[in-house]
Amino acid sequence: MKKILTLFITIAMLLVSLAVVTGAKDVDGVVSSHAKLPFEDIEADSWYADGLSFCYTNKIISGAGNTYTFNPKGQLTRATFAVMLARAIGADLEGYNSESFSDCDYSDGSWYAAAVEWAYSNEYMQGTGNGRFSPSITMTREQLATVFMRFMMRAEYTVDVVIGVLNDYTDKDNISSWAYDGVEYAVSAGLISSTSVSNKVASP
């Protein structure tokens, strides 16, 4: 979970920065200073506190069920990530009311449906097969890497992909075929590195 949280915070900060440059978010709307976190379960000197504060200050994240708890060891689900992604780049979710997936909650007041439809319509995220989005399934490193690549390419940012950059990773053959380009892209960009577990790159 530590690696997933680290990767998400890094991606969120990068997306905010890129969104400012590409005009997706008003520059005046991005706060670079870090507010004091209100969460009772976060230590001020924790390894992720600064990144978390950045995301909280810019309203990318909120508490887990109430204002005072963040639940840092919880799971980052696909639905939650879609919402955070939309917030990170200041997406206008008005009009995203399609019902593309059989397993999503499209009832009035759904906290994630519009963000999922936005992420899907803009080709940042895709379904998991058979008409499903799997909103409650945990995001993986390879999924995050793929979303990052799609955003960078849509924003017309260039990353010099290093041929063979994954050769030294022991689990390179375990990377899903649909995610290989994304992982290669993210590693080349310096976003992902080894999980330090037998030099693995794709492990959660």
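Buried means under 20% relative accessible area, exposed over 50%, and partly exposed in between (1.4 Å probe, protein chains only). Helices are DSSP runs (H or I, at least four residues; strands are E, at least two), numbered from the N terminus.

The model is predicted, with local features needing pLDDT of at least 70 and side-chain atom pairs counting only at pLDDT 80 or more, while totals for chains, interfaces and linings use all residues. Residues are numbered from 1 along each chain as its sequence is written, and side-chain values use heavy atoms, leaving out hydrogens and water.

Q: How many of the 9 residues of helix α6 are buried?
A: Helix α6 spans residues 180-188 and is largely enclosed by the rest of the structure, because most of its positions are buried. The buried set runs through Gly-182, Val-183, Glu-184, Tyr-185, Ala-186, Val-187 and Ser-188. The count of buried residues in α6 is therefore 7.

Q: Which helix is included in what covers the buried residues of α6?
A: The buried residues of α6 include Tyr-185 and Val-187. Contact means heavy atoms within 4.5 Å. Part of the cover over the buried residues of α6 comes from helix α5.

Q: Which residue just after α6 takes a positive phi?
A: Helix α6 ends at residue 188, and Ser-188 is itself buried. Just after the helix, a positive phi of about 85° is taken by Gly-190.

Q: Which residue with a positive phi follows helix α2?
A: Helix α2 (residues 49-57) has 7 of its 9 residues buried, so the rest of the structure largely encloses it. Leu-52, Phe-54 and Cys-55 are among these buried residues, as is Thr-57. The residue that follows α2 with a positive phi, near 60°, is Lys-59.

Q: What is the nearest side chain of opposite charge to Arg-78?
A: Arg-78 lies in helix α3 (residues 78-88). Beyond four places in sequence, the residues that Arg-78 touches include Met-125, Gln-126, Phe-133, Ser-134 and Gln-143. A salt bridge needs a side-chain nitrogen of Lys or Arg within 4 Å of a carboxyl oxygen of Asp or Glu. Arg-78 is buried yet has no salt bridge, and at 7.5 Å the nearest side chain of opposite charge is Asp-103.

Q: What is the relative accessible area of Cys-104?
A: Cys-104 is found in the loop between α3 and α4 (113-121). Leaving aside residues up to four places away in sequence, Cys-104 touches Tyr-112, Val-116, Phe-133 and Pro-135. Cys-104 is buried because its relative accessible area is 11%.

Q: How far apart in space are Cys-104 and Arg-132?
A: In sequence, Cys-104 and Arg-132 are 28 residues apart. Taken from C-alpha to C-alpha, the separation in space of Cys-104 and Arg-132 is 7.8 Å.

Notes. Lys, Arg positive; Asp, Glu negative; His and termini not counted.
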